[in-house]
Amino acid sequence: MKFIKLISFLLFFISQLFFAQELPPIIKFNSNYYKAGSQNWMIDQDKSEFIYFANNEGLLEFNGTEWKLYPSPNETILRSVKVVGNKIYTGCYMEFGYWSRVHDGSLKYTSLSNKIKSKLIEDEHFWNIVAIENWVLFQSFNRIYVYNIKDQSFRFIDNHPYIFRVFNTNNSIYFQAINEGLYEIVNGESILICSNEQIKTNRIVEIFPSTQGLLLQTERAGLLKFKDNKLEQFDIVSNEIFKINSIFCAKKLSNGGFALGTISNGLFILDKQGKIQNHITQNTGLSNNTILSIDEDVDNNIWLGLDNGIDCINLQSPVRNYQDDKGYLGTVYTSIEYQDNLYLGTNQGLFFKKKFSNGDFLLINGTKGQVWSLFIKDNQLFCGHDLGTFLINQSSAKLIFKGTGTWKFNSVPGIPNYIMQGNYNGLSIIEKINSNWVFKTKVKGFDISSRYFEIDNDNTIYVGHEYKGVIKVIPSKDFLSVKKFSILKKPSKGKHVSLAKFNGSIFHAGKQGIFKLNSKTKEFELDKKNSLILDKDEFVSGKLNVDKSGKMWFFTKSYIYYFTAGNFNSELKVNKIPIPFSIVNPMLGYENITQLSGNEYLVGKTDGYFIIDLNDFKVKNHKVAITDVSVNRLEGITTKLSISKTTELKHDQNNISIKYTVPCKSSAKDDNDKTYVSSYIDLQNSPKFPFGYGLSYTSFTYSDLKLSKNKINRNEEIAVSLKITNSGKMAGEEVVQLYLRDRFASIVRPVKELKGFNKIALQAGETREVKFIINNETISFYNNNIELISEAGEFDVMVGSSSEDIRLNSEFELVD
């Protein structure tokens, strides 16, 4: 009964311990994606940083961009792989040998077992390979084959009924023989060093070096310590948990911690002291709960060979993800740290837990419903809620204002015992009286929803409204009523706009750009420099977030940006983090980020949150490897060229294809993008300057694109016209460019094909019409028979300042 109670306690402990984990990014590759077998038995990496997997169907290579399968030499399951120098050694059923790179970049297999074919034991599988000095050891359950690289000779270690596994630990070779014990190979001889019953009957999956002796990770007996011919249980916090899990593989990590793969309970990651940092299962992100192999690459990513697929975990990532798969929390709209607790405001209520704990988030009673904001003043936490305003004290909530929802809060200049609230129906004041906060009054004379509002240095209130624009509100001296209000001409109204006060100035952001309130004219002016972050269709939302550390945050399609104050002037410094919006996955228009401590920030998502550490974002120099060069004549056969030797080409061999890769791991990528690139901050793959790019001292506005016809035959033409306005303050020249795209053709056509350009000079404020002609010649192309033809179909018309800066779009159809 005591044993059953202990097991029940441990299972309960595990479920509680791992309910609320903040996990590193996990990239999943299924067998359909890498086009090989589902099971992956062993993993290794070469000096070029390519990753190799012993796969059911052969040697699987991942160069960072492409997966390539080299079929097993005898069509049996590949069980083992080990990189030694420039060779990749593998073992399978009744066969072992090595692969080496040939001149065209591919791998070629050389059998070693064929040299001693008569000495192989019937029905042998080679499950493991280790290397030491000039020796490579191939291990089956029956024998260890010791191969001398220098003289290509073999010797054998056998006379053991069941050799479970061979290990290289601290440049010493050990192996376990079931029912016999642990052996060390010394001068080619097997020396029994431990015959303890625990070793005889419990399979060892890995041996770790330690200052305290050898640490033996067993399958079911936990972690054992062997020192001075004594075997004992190694005292770590997690040992009892591992005794009820079946450990199949293990790896000591470069940070001193450990990774343990189980048969049916996913992956355990331990720190140096053996304390569990993460328990990752299929429910929390893995492709499969059965871990067959583990390896750590040079970038400290953990690769897992699974019973069904391959996963890569970026332990060094500056991103940690909390995934709310069960929908318990809901969408996170706001967060804050307060009195050693972490609070999350979501669409389902206000939740909290202790900071730095793996405990569950708990719902604070009475707060069920939509939470919009959290605000601290005078060491008191306020919660803006659909029901009104709550005061929060640890795990309890007190409703101090009700009747309408509360969007946000702001301190009132000159009146420290006031807080102004933005409500669904205007503005209101709560007041501190004798250390108690109470509702005072609604601000009279203003009934417009005030989701975003800021108070300027002259006490003017500016309210941001999606459907009205920016409203200028003049309050009374006591802020209890409004004298007058008016809607500013600019910036204009729009979806997902916002207001924020940062570094003493008020900013407005929307699809038109980022605007700043001029302190003298009291008008919002476009911040052209900082609005450049919205170029190339980067806008998704204008939500601005200001944190307590002096940063203003902004989310775009490809990046998270933050602005900081300049050192010597009022210009803001722009910084960006390469995390795309598809990864952030927030509620559109409600993006939120909160400083936790130091450079750690929490970003709310629709299904939980993630934490980023700015200290860990860093640029890495990348290795670029050419993997394939091929050439062909027109309509000729493609020939692969050497990537290691000089090659001469004939004049008509003018179609050259070069493949390359960057074999390092991304920290945060879109799940739909499985390209294996970069370590922390990626450079974009796009060119620095797109085709047609040019600089000017002014700016130009494109408008009124017109096509004379939207449908033509081959004997007709289309007149394309548009207007160009110099919208800047200086004279300038602009090259207006016309691009076409044939959507469907017998030969794939370019996405953008330049068909005309017109250089014009305009004075400031001047507008001029620009014209192009599209006819049959414009849309013709050469087919496979070198015939100039045109084909009926639909065409896209694009006009812009460069190939990447398309301003206007239209379409037409060519009919037979």
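View A. Strand S59 (residues 655-661) gives the largest share, three residues. Strands here are DSSP runs of E, at least two residues long, numbered from the N terminus.

**View B. A closer look at Ile643.** You will find Ile643 in the loop between strand S58 (639-641) and S59. Ile643 counts as partly exposed because its relative accessibility is 34%, and that class lies between buried (under 20%) and exposed (over 50%).

**View C. An open sheet of four strands.** Follow the order S50-S51-S52-S53, with antiparallel pairing; two strands pair if DSSP finds at least two bridges between them. Strand S50 (544-546) and strand S53 (572-577) are the edges, each pairing on one side only. S50 and S51 (residues 552-555) share three bridges, and Leu544 has Phe554 as its bridge partner in S51.

**View D. The hairpin of S4 and S5.** Here S4 (residues 58-62) pairs with S5 (residues 67-71) over five bridges, in the antiparallel sense. Leu59 sits opposite Tyr70. Four residues separate the two strands, and Gly64 in the turn has a positive phi of about 110°.

**Notes.** Residues are numbered from 1 along each chain as its sequence is written. In this predicted model, local features need pLDDT of at least 70, side-chain atom pairs count only at pLDDT 80 or more, and totals for chains, interfaces and linings use all residues, while side-chain values use heavy atoms, leaving out hydrogens and water.

Note on methods:
Buried < 20%, exposed > 50% of the residue type's maximum accessible area, 1.4 Å probe, protein only.
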